[in-house]
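Work through the exercises below with the model open. Try each task before reading its solution.

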Amino acid sequence: MAAVSGLVRRPLREVSGLLKRRFHWTAPAALQVTVRDAINQGMDEELERDEKVFLLGEEVAQYDGAYKVSRGLWKKYGDKRIIDTPISEMGFAGIAVGAAMAGLRPICEFMTFNFSMQAIDQVINSAAKTYYMSGGLQSVPIVFRGPNGASAGVAAQHSQCFAAWYGHCPGLKVVSPWNSEDAKGLIKSAIRDNNPVVVLENELMYGVPFEFPPEAQSKDFLIPIGKAKIERQGTHITVVSHSRPVGHCLEAAAVLSKEGVECEVINMRTIRPMDMETIEASVMKTNHLVTVEGGWPQFGVGAEICARIMEGPAFNFLDAPAVRVTGADVPMPYAKILEDNSIPQVKDIIFAIKKTLNI
Amino acid sequence: TREVEVAVSRDCATALQPGRVLVASRNFANDATFEIKKCDLHRLEEGPPVTTVLTREDGLKYYRMMQTVRRMELKADQLYKQKIIRGFCHLCDGQEACCVGLEAGINPTDHLITAYRAHGFTFTRGLSVREILAELTGRKGGCAKGKGGSMHMYAKNFYGGNGIVGAQVVKNEDCVLL
């Protein structure tokens, strides 16, 4: 026995030098994914996972999507899953709601949410209210998605932000992604949700690449609806925003941190149900609040946040009135100089933060 | 009356052969008659006329309007490609006869509304090319002070330009619609 063990141990001691060699492992280069591709991936994975999911809208199939968001999906899934519709939002939104009631899981794409106004009766009266009106009998697992808010030079009838309008209605869930990770996680959660969900994307963000963390590359990456994310930690002031203005807030925060002001930037991700716990906890920490949105001020997302802060425990922690930075209270003008000044810019956010902090 | 005009081109003559003269003869008429397809009638005794006469003055007037619209649209196309016009720009070069022909058939007191391809109609309804191009380029000299853009141009008895497809159909109450 001892002879055998001696035989085994000696070679092991000789090879132990080899075993001690470590292989060096470097982290893979960060994957950059545009918001467009993230939404595409999210829809692709959900279409693959559940055959009841289908996409319908104008130009989604053969044209690969008006903004190329659904590129490649028609080639992969065919006519039965990716459906081109005529230019009648009221018509195809109604068809989608009916399909959802019958048990399918449609994704109804509006070319922009401005056109959803044509179909808003279907979205609100047929989709949003049904689960309640039926006493819980009839669910409508539908997703309405499309670009929302201002674009570039498309003037009054094509630049409205619908976050406040849809956020007003009980029965709807409303999400507003900012970056690629948000977009993929939220669209997947929206499709898997059994309630009507409105996904307010942003046309100007479609082409912007963001770093895609490894967990977002998984096929089951979901972002819970109703949970905000703190994009940047800070101590002096809380800045709450959703969709494209989150990027502007982060830029403003970077500029202000050079002056010694640390802003806590919260990306709401969900408009309805709003994550007030995160916002309240942050306000209780920083004692100041600025809300930033692209929509109109009256009855807007910022107005709701301020009202709820006032009604909740965080009010006692405020050292100054909360300030809302919003789009100008006019229909979006066409001339570039007027348009640029009608949406919140980085300088407007910095001005509001300084005004709140009294510096 | 027919006028026969003879044009003699001396340059062509010298190019061909000395001594030979090229004569081009052009015949002008003062008006032209067109036939219009008869349409089915419902609860009417008589329908619209089946022939119409286009006089020389009217013809030249329409031609001038169409040419102006064509050149305006081609310029707008160029400006759009240079990104001086932003957003949407729906042009009607090639379709000028629609707006000019419609204007010929209605009175200035009639009401008109159209969809997004509105530049030609804005012109025929009385606005100048300067106002239209200023609007397209976002200047305050534009018909909507630069705030409307391509699809939101208005004039007297002209209710635009509508960005939402189909919106003009519902708005047309007692307007003439195209």
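**Exercise 1.** Find which backbone oxygen the side chain of K188(A) reaches, and at what distance.

Solution. Start at the side chain of K188(A). It reaches the backbone oxygen of K219(A) at 2.7 Å. Next, look for a side-chain partner. The side chain of K188(A) also makes a polar contact with the side chain of E45(A), at 2.6 Å. A polar contact is a pair of N or O atoms within 3.5 Å; within protein, one must be able to donate a hydrogen and the other to accept it, and residues adjacent in sequence count only if both atoms are side-chain atoms.

This is a predicted model: local features need pLDDT of at least 70, side-chain atom pairs count only at pLDDT 80 or more, and totals for chains, interfaces and linings use all residues. Residues are numbered from 1 along each chain as its sequence is written, chains are lettered from A and ligands numbered from 1 in the order in which they are written, and side-chain values use heavy atoms, with hydrogens and water left out.

**Exercise 2.** Is K188(A) buried or exposed? List its contacts beyond four places in sequence.

Solution. K188(A) sits in helix α8, residues 180-192 of chain A (helices are DSSP runs of H or I, at least four residues, numbered from the N terminus). Then read its accessibility. K188(A) counts as buried because its relative accessibility is 0% (buried means under 20% relative accessible area, with a 1.4 Å probe and protein chains only). Last, list the contacts, meaning heavy atoms within 4.5 Å. They are G42(A), E45(A), E46(A), K219(A), D220(A), F221(A) and L222(A).

**Exercise 3.** Describe how chain B meets chain A.

Solution. Count residues: 18 of chain B contact 18 of chain A. Take the area: about 1,400 Å² is buried, 58% of it from carbon and sulfur atoms. Buried area here is the accessible area (1.4 Å probe) lost on putting two parts together, summed over both. Now check charges. The rule finds one salt bridge across the interface, a side-chain nitrogen of Lys or Arg within 4 Å of a carboxyl oxygen of Asp or Glu. E339(A) pairs with R86(B), closest N and O atoms 2.7 Å apart.

Definitions and conventions:
Helices (H or I, at least four residues) and strands (E, at least two) are DSSP runs, numbered from the N terminus. Buried means under 20% relative accessible area, exposed over 50%, partly exposed in between (1.4 Å probe, protein chains only).
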